[in-house]
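Biologist: I have not looked at this one before. Can you show it and walk me through it?

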Amino acid sequence: GGSEYTRCSASGVEMSTRTSCHSLQESLLSSASGYSNYRGILNWCVVMLVLSNARLFLENLIKYGILVDPIQVISLFLKDPYSWPAPCLVIASNAFIMAALYTERRLSVGTISEATGTFLYFINLSVILCFPAATVLTVTSMTSVGGVFALGVYTIVFLKLYSYMDVNRWCREIRKAKARTLSRSHSCPSVSRANGAAAHALVTYPGNLTHRDMYYFMFAPTLCYELNFPRSSRIRKRFLLRRLFFENYYFKLLLQWMVPTIQNSMKPFQDMDFSRMVERLLKLAVPNHFIWLVFFYWFFHSSMNFVAELMQFGDREFYRDWWNSETVTYFWANWNIPVHKWCLRHFYKPMLQRGVNKWVAQTAVFLVSAFFHEYLVSIPLKMFRLWAFMGMMAQIPLAWFVGRFLRGNYGNAAMWMSLIIGQPIAVLMYVHDYYVLHSSQAQGGERGVEL
């Protein structure tokens with residue numbers, strides 16, 4: 001009997017093993033499953049986005065025509081370049097770049113002292129911020145878009161030249177300490193060099209003080225200077241074509257849909273009651289947020305990867321997974337890596353080394369960021385409302401609240417809400433005020449003509 005029971009048990013186990021189709025496991029969409037490959041769902045979202053907006057795109061195309069035509073813009077510039085003050089202002093930035101290069105050359109041979117060099121840099125960097133601002137405010141033919149473009153370029157030049165000044169000063173300090181060689185890894189912590197980096201000879205100070213090195217840095221998609229950047233082995237032509245044509249085409253299509261939506265919603269808030277005003281703000285926030293997302297993808301992924309590929313620039317970490325941010329601080333540290341690296345290397349860490357409190361240093365970083373946000377918005381629009389400045393400074397208490405009381409999915413939801421109805425609303429307030437100001441001026445001019 002015992003042997004028969006054993007045979008039955010063994011055969012039952014064998015039968016169970018052969019026919020078993022269940023195991024202890026979680027559903028894929030459960031957070032406990034650990035599953036993370038959602039590429040198919042992402043593609044579904046893209047397809048649904050394109051299909052759901054196809055009708056609106058065609059309707060706007062039929063009603064308004066082509067609103068974004070880069071060929072027409074280029075042809076107009078070639079016909080009359082002097083009526084385009086923004087490109088002329090950008091070309092003038094070369095004078096400040098050359099001033100920084102020749103100042104460094106004099107410092108490298110000891111023709112001028114460190115104090116004199118610091119003073120010359122102070123003058124140069126101050127004029128870089130003040131000169132374009134004064135030009136935008138005084139030149140009547142300067143458009144708001146042209147002003148944003150010119151001030152954006154000068155802001156980038158300012159940050160790059162500040163980094164250029166710091167790194168070359170560090171090189172002189174090391175040279176004074178009788179260091180014989182210096183590679184870029186000494187001047188700045190960076191990622192490991194990509195394949196093909198050995199094909200480019202390493203540069204040592206002061207051999208880096210050349211026009212070629214300066215302009216490579218000026219066009220490279222980074223704000224932090226190094227003597228030897230990581231370089232890729234070759235230029236991938238298919239990668240360039242995909243970045244240049246395919247993705248920029250969809251960027252144009254989305255703008256074709258969003259621009260009429262925003263234009264049709266631009267009405268003075270004083271003509272609405274509170275509920276209508278909230279409804280209008282929410283209506284504008286969604287397309288404005290889409291524009292922000294499209295701009296992020298176009299600039300930080302397509303454009304910067306295009307430039308990096310063209311220049312064989314190896315460090316392609318322009319952003320991290322900010323969309324998974326559970327705190328506001330994590331978002332600001334990961335959505336714009338070039339600016340984050342610059343702030344960390346040239347502003348935040350030097351303040352900590354001087355004994356400044358960590359919280360004070362973080363607040364100072366937000367103050368500098370708030371200044372440049374206001375600088376890039378108020379001056380081109382020729383209106384000083386401080387919406388952008390207050391929006392950036394409001395991130396400090398928001399970061400404290402989210403980090404203290406919200407975690408996980410709640411923190412991530414709070415981050416997305418701040419993006420959708422936070423800073424985009426501040427930008428829309430500028431657009432609204434600009435619309436009201438110029439519409440009232442136009443109406444006043446018509447009344448004057450009638451009188």
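Modeller: Start with a term for the record: UniProt positions are given in the numbering used here, and annotations may be inferred rather than shown by experiment. Also keep in mind that this is a predicted model.

Biologist: Fine. Which residues does the UniProt annotation "transmembrane region" cover?

Modeller: According to the unreviewed UniProt entry, the annotation covers residues 41-62, 82-103, 115-139, 145-165, 281-300, 359-377, 384-402 and 414-431.

Biologist: Take residues 115-139. How much of that is helix, and how far apart are the end C-alpha atoms?

Modeller: The chain there is 96% helix and 0% strand. Its end C-alpha atoms are 36 Å apart.

Biologist: And residues 281-300, what do they look like?

Modeller: That span is 100% helix and 0% strand, with 27 Å between the end C-alpha atoms.

Biologist: Then what are the values for α6 and α7?

Modeller: Helix α6, residues 114-138, packs with α7 at an angle of about 175°, and the axes are 9 Å apart. The two are therefore roughly antiparallel to each other.

Biologist: Which residues make the contact?

Modeller: On α6 they include E114, Y121, N124, L125 and I128. On α7 they include G147, L151, Y154, R169, R172 and K176. By class, the contact of α6 with α7 has 16 nonpolar, two polar and four charged residues.

Biologist: Next, α7 and α14. At what angle do they cross?

Modeller: Roughly 150°, and the axes of α7 and helix α14 (residues 358-381) come within 8 Å. That makes α7 roughly antiparallel to α14, because angles over 145 degrees count as such.

Biologist: Is that crossing left-handed or right-handed?

Modeller: The crossing of α7 and α14 is right-handed. From α7 the contact uses S144, G147, V148, L151, G152, T155 and F158. From α14 it uses F372, Y375, L376, I379, P380 and L381.

Biologist: How many of those are nonpolar, polar or charged?

Modeller: The contact of α7 with α14 has nine nonpolar, four polar and no charged residues.

Biologist: Switching to rings. How many aromatic pairs does a search of the whole structure find?

Modeller: It finds 36 aromatic pairs. One of them is F158 with F372, a tilted pair at 6.0 Å centre to centre and 50° between the planes.

Biologist: Which helices do F158 and F372 lie in?

Modeller: F158 lies in helix α7 and F372 in helix α14, so the pair ties together parts that are 214 residues apart in sequence.

Biologist: Back to α7. What about its packing with α9?

Modeller: Helix α7 (residues 144-176) and helix α9 (residues 211-219) pack at about 135°, with axes 10 Å apart. That makes α7 oblique to α9. The crossing of α7 and α9 is right-handed. K160, L161 and Y164 of α7 touch D213, M214, F217 and M218 of α9. Five residues of that contact are nonpolar, none is polar and two are charged.

Biologist: Last topic, the backbone. Is the peptide bond from Y205 to P206 cis or trans?

Modeller: The bond is cis, with omega near 5°. P206 sits in the loop between α8 (184-187) and α9.

Biologist: And what is phi of Q312?

Modeller: Phi is near 55°, a positive value in a residue other than glycine. Q312 lies in the loop between α11 (274-310) and α12 (328-334).

Notes: Residues numbered from 1 in each chain as written. Predicted model: local features only at pLDDT ≥ 70, side-chain atom pairs only at ≥ 80, totals over all residues. Heavy atoms only, no water. Axes fitted to C-alpha atoms, helices over the stretch in contact; angles between N-to-C directions. Helix = DSSP H or I, 4+ residues; strand = E, 2+ residues; numbered from the N terminus. Parallel < 35°, antiparallel > 145°, perpendicular 65-115°, else oblique. Left-handed = near helix turned anticlockwise from the far one by under 90°. Contact = heavy atoms within 4.5 Å. Nonpolar A, V, L, I, M, F, W, Y, C, P; charged D, E, K, R; others polar. Phe/Tyr/Trp six-rings, centres within 6.5 Å; stacked < 30°, edge-to-face > 60°.
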